[in-house]
Amino acid sequence: MSRWRQSVVEIQTRKRQVNECERAQAALSKVTACFQQMATSLGSNMDGSFLREELEETRTVAHKICSGLHRRLLSLLIEMEQGQEDKEQVERLWVMILSSLENFQRDLKKVKVLQEIFPLTQRKDRQALINAGYAGGTSEVAARAAMVQTPWLSVEETASPDLKNHIVEIDVLLEEMFQRVNVPLWSVEPTQEAWVEGVSTQDGGQEEDESLEDIMEVEVVSQNSTSGCCNHHNCKVGCLLCLLS
Amino acid sequence: MTVRSDRDHGQRYRPRMSCLKKVEATVVQMQDPSTGVKGANQKLNVTTIPHAITGQDIVAWITKNMNMDNDEAQAFGTMLVAFGYIYPLQDHKKLVLRPDGSLYRFQTPYFWPVQKWKAEDTDYAIYLAKRNIRKKGVLDAYEQEEYNKLHKWMNHKWDFIVMQAKEQYHAGKARQKADRVVFDCKERAYWIVHRPPPQTHSAMDYGLDRHIDPNAEEKKTYDYYRRINIYTQQAIMRSRVKSSVSLGALVKYMTTFKNHDPFLVPCLPSNPWQTDDDSYWELNKPDVEIPTKMRVERWSFSFYELLNDPRGRADFKIFLKKEFSGENLAFWEAAEELKWGTAASMSEKVEHIFKTFLAPGAPRWINIDGRTMGLTVKGLEHPHRYVLDAAQTHIFMLMKKDTFYRYLKSPVYKEIQKKAISPAPHDFSEAQLQQNMRNRRPSINPIITWQKEQEEKAKAAAAAGPVDIKKLMASKLDRK
């Protein structure tokens with residue numbers, strides 16, 4: 001059906017669906033970013049059953065968004081014809097969701113391994129947790145993730161799998177996506193240019209961040225200024241495997 | 001998007017990283033609140049740095065718990081820092097453990113190096129974009145280069161990367177300020193380990209990826225045992241030399257050559273690599289008139305040394321000319337040329353060699369035994385590079401066992417021994433050394449050297465060719 005024959009309703013529906021997918025993608029990004037923040041506390045002294053519960057909840061939210069988004073986008077792509085106006089937009093979304101899923105799956109794998117290395121079943125396991133210097137918890141991050149809502153109005157009941165199955169499920173999803181949709185990934189042009197993302201922060205945020213950089217630079221206690229790696233006076237090499245020491 | 005395929009024959013197991021598991025166990029022990037390294041919140045100026053440990057504490061703990069001495073403990077600690085389990089708070093780019101009051105902190109397990117997964121480029125791109133968002137212009141030169149490269153290469157993913165960077169930035173903002181600082185330090189330390197700045201050594205360097213996981217125990221199946229059997233059988237079948245014999249040969253070699261090794265004995269006049277004075281090379285050029293004494297001495301060590309040195313070979317040629325037995329050496333040289341020459345010129349070379357050396361009644365007939373002669377002539381029907389190998393070895397042995405010793409006793413050799421010079425060792429002062437360094441000049445263009453060599457060869461060939469009696473007589477008659 002060429003676009004001249006598509007009725008207004010159909011065009012509007014499609015637009016709505018595409019917008020829904022975009023918002024879902026943004027939501028997924030948010031949730032995965034929060035998930036990663038929380039995952040960095042795993043195994044540290046801030047780790048605990050509370051953190052793991054929060055992680056589980058975030059993962060559930062992500063799973064909901066993922067599966068819904070995947071289904072919708074797949075249907076959009078399959079019924080896409082040549083020369084549609086939003087072809088580029090949909091393809092861009094496609095690449096984004098693929099990359100997001102991969103990224104999320106990597107985080108999931110790491111979380112799985114970390115949870116195995118640092119099991120919290122016994123009291124003495126708490127001693128193994130690395131004191132990494134964290135003082136506060138990640139509850140604000142979890143709250144941020146929990147605030148994300150799935151943008152579609154209908155409520156879908158999909159059972160959320162546990163961690164191992166989730167990883168496998170993403171694998172299956174990715175396989176399916178590759179097989180059913182024939183989009184060359186490298187032909188997608190991004191909308192963002194290089195180096196532009198640094199411009200758009202507000203002024204207040206920028207100031208606070210500059211002082212952040214300064215705090216990170218702990219004052220260097222002045223030692224004898226050896227430019228080499230060891231204390232040998234001939235060592236001009238800045239490398240680790242200096243044979244002079 | 002990474003391309004996936006079912007039958008992935010890719011090599012993706014990293015070798016030499018199996019130490020990581022053991023290091024992890026040590027780090028877990030180290031940070032134990034009761035028995036580990038004592039850390040505290042350090043006060044520095046106005047700020048409190050949460051839970052930092054000092055370098056000397058780390059070294060002390062390692063020395064005590066692992067029963068090492070101080071130097072080894074320091075090296076071990078540096079390894080921990082290089083792998084990224086502990087990161088320095090001051091001077092974050094240099095991954096060394098300083099055994100003094102400099103501060104370090106444990107890295108969170110999320111950022112630990114794991115053998116199975118490499119640090120992905122997508123994550124690196126997100127990290128760089130995040131830093132760019134945080135503060136423009138904060139990326140180092142090499143990071144900017146990497147950013148540009150990643151932008152070009154992952155162009156199709158760039159929307160995702162920027163979006164994820166923004167979200168991670170905002171997610172990070174949701175935490176308390178102190179934790180934010182700590183997290184940013186950790187992330188930065190992680191990327192210093194896995195994407196090291198240029199001209200630094202990275203502990204993550206490991207060579208090529210392997211096909212098989214080096215950590216996995218190989219299952220002892222039938223195939224495995226069959227392989228082991230074949231391997232051991234082949235090992236038994238190898239020829240063996242008694243170690244006393246091989247050691248004796250080694251000792252003999254060392255006693256003969258020990259004065260000629262520039263590492264053990266300073267070479268005369270001076271080592272050009274150390275003093276920037278190239279008289280050593282000038283005196284030892286292949287076409288020099290008068291060789292050095294050391295060089296002449298080397299010729300007497302073995303026939304192989306004599307032949308390999310171009311000046312020695314020339315001297316040997318002069319001797320052979322006097323003895324009228326130059327055909328052996330000429331044949332040997334021709335066979336060498338055949339071995340090393342181009343494939344196109346092989347057939348004509350073989351023709352020439354046959355006509356000159358091997359055919360019955362040839363002008364420079366070489367005297368090899370009947371069996372070798374028969375084999376060689378038969379092989380010449382289908383010539384290849386090594387067709388003259390048997391004859392060449394025979395001739396070499398002949399020359400070595402007979403002519404070589406006569407050469408060493410001959411007046412030619414004795415004369416050259418007398419003429420050989422022994423240069424006085426240089427004694428440069430610091431100022432002269434500096435001047436030498438400034439006066440370094442490139443040597444002759446190798447093309448010119450090669451051209452000269454070709455000219456010499458042509459002249460020698462013309463001179464060695466059979467003398468045309470008619471022309472000689474004609475010239476003599478003319479003069480009359």
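Helices here are DSSP runs of H or I with at least four residues, strands are runs of E with at least two, and both are numbered from the N terminus. Keep that in mind for what follows.

Some ground rules. This is a predicted model, in which local features need pLDDT of at least 70, side-chain atom pairs count only at pLDDT 80 or more, and totals for chains, interfaces and linings use all residues. Residues are numbered from 1 along each chain as its sequence is written, chains are lettered from A and ligands numbered from 1 in the order in which they are written, and side-chain values use heavy atoms, with hydrogens and water left out.

Chain A to begin. It has 6 helices and 0 strands. The order from the N terminus is α-α-α-α-α-α. Of its 245 residues, 47% are buried; buried means under 20% relative accessible area, exposed over 50%, and partly exposed in between, using a 1.4 Å probe and protein chains only. Now contacts, meaning heavy atoms within 4.5 Å. In chain A, among contacts with a separation of 6 or more, 81% join residues 24 or more positions apart. Accessible areas come from the Shrake-Rupley method with a 1.4 Å probe; for residues, only the protein chains shown count as cover.

On to chain B. We have 22 helices and 4 strands in chain B. Its 480 residues are 39% buried. For contacts with a separation of 6 or more, the share from residues 24 or more positions apart is 63% in chain B. Chain B exposes about 29,500 Å², and carbon and sulfur supply 56%.

What is the state of Ala141(B), buried or exposed? Ala141(B) counts as exposed because its relative accessibility is 61%. Ala141(B) belongs to helix 5, residues 141-153. Its C-alpha atom is 9.9 Å from that of Pro198(B), 57 residues away along the chain.

Next, a nonpolar surface patch. Leu247(B), Leu250(B), Val251(B), Tyr253(B) and Met254(B) form it, with about 530 Å² of accessible area together. Patch residues have over 30% relative accessible area and no salt bridge; nonpolar side chains (Val, Leu, Ile, Met, Phe, Trp, Tyr) are joined within 5 Å, like charges within 9 Å. A salt bridge puts a side-chain nitrogen of Lys or Arg within 4 Å of a carboxyl oxygen of Asp or Glu. Val251(B) sits in helix 9, residues 243-257. At 48% relative accessible area, Val251(B) is partly exposed.
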